Amino acid sequence: MSVIAYPQDDTLVALREDFYSDVLSQFCDEWRLGLAAGLRWARGWYLQPGS
């Protein structure tokens with residue numbers, strides 16, 4: 001996924017990298033991820049100490 005066109009905010013970079021490793025790496029070639037599931041993951045990520 002290309003994100004070159006977007007500003008590279010440190011928090012967004014960390015969020016993107018953690019999301020890839022925690023969620024997207026667990027899927028096969030074809031998958032669907034609902035908005036609610038993505039938002040739950042993001043909320044949990046922000047609530048982690050050190051995020």
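Which residues does aspartate 18 touch, not counting residues up to four places away in sequence? They are Val23, Trp41 and Trp45. Keep in mind that this is a predicted model.

**How the two helices meet**
- Helix H1 covers residues 10-22 and helix H2 covers residues 35-47; their axes come within 11 Å and cross at roughly 120 degrees.
- That angle is why H1 counts as oblique to H2.
- As for handedness, H1 passes H2 in a right-handed crossing.
- On the H1 side, the residues in contact are Thr11, Ala14, Leu15, Asp18, Phe19 and Asp22; on the H2 side, they are Trp41, Trp45 and Tyr46.
- Sorted by class, that contact has 6 nonpolar, 1 polar and 2 charged residues.

**The nonpolar core**
- Six is the count to remember here: the largest nonpolar core has 6 residues, namely Leu15, Phe19, Val23, Trp41, Ala42 and Trp45.
- H1 and H2 are the elements that give two or more residues to this core.
- H2 supplies the largest share of the core, with 3 residues.
- In soluble globular proteins, nonpolar side chains tend to be buried together.
- Val23, one of the core residues, touches Asp18, Leu33 and Trp41, leaving aside residues up to four places away in sequence.

**Aspartate 18 up close**
- Aspartate 18 sits in helix H1.
- Its relative accessible area is 32%, so aspartate 18 is partly exposed.
- Of the residues it touches, leaving out those up to four places away in sequence, we've got Val23, Trp41 and Trp45, and each of these three names also turns up in the list for the largest nonpolar core.
- Aspartate 18 and alanine 42 are 24 residues apart in sequence, with 9.7 Å between their C-alpha atoms.

**Phenylalanine 27 in the loop**
- You'll find phenylalanine 27 in the loop between H1 and H2.
- Phenylalanine 27 has a relative accessible area of 31%, so it is partly exposed; a residue has to be under 20% to count as buried.
- Beyond residues up to four places away in sequence, phenylalanine 27 touches Arg32 and Leu33.
- Leu33 is also among the residues that Val23 touches.

Technical notes. Residues are numbered from 1 along each chain as its sequence is written. This is a predicted model: local features need pLDDT of at least 70, side-chain atom pairs count only at pLDDT 80 or more; totals for chains, interfaces and linings use all residues. Side-chain values use heavy atoms; hydrogens and water are left out. Axes are lines fitted to C-alpha atoms, for helices over the stretch in contact, and angles run from 0 to 180 degrees between N-to-C directions. Helices (H or I, at least four residues) and strands (E, at least two) are DSSP runs, numbered from the N terminus. Angles under 35 degrees count as roughly parallel, over 145 as roughly antiparallel, 65 to 115 as roughly perpendicular and the rest as oblique. A crossing is left-handed if the near helix is turned anticlockwise from the far one by less than a right angle, and right-handed if clockwise. Contact means heavy atoms within 4.5 Å. Ala, Val, Leu, Ile, Met, Phe, Trp, Tyr, Cys and Pro count as nonpolar, Asp, Glu, Lys and Arg as charged, and the others, Gly among them, as polar. A nonpolar core is a set of buried Ala, Val, Leu, Ile, Met, Phe, Trp, Tyr and Cys residues joined through side-chain atoms within 4.5 Å. Buried means under 20% relative accessible area, exposed over 50%, partly exposed in between (1.4 Å probe, protein chains only).
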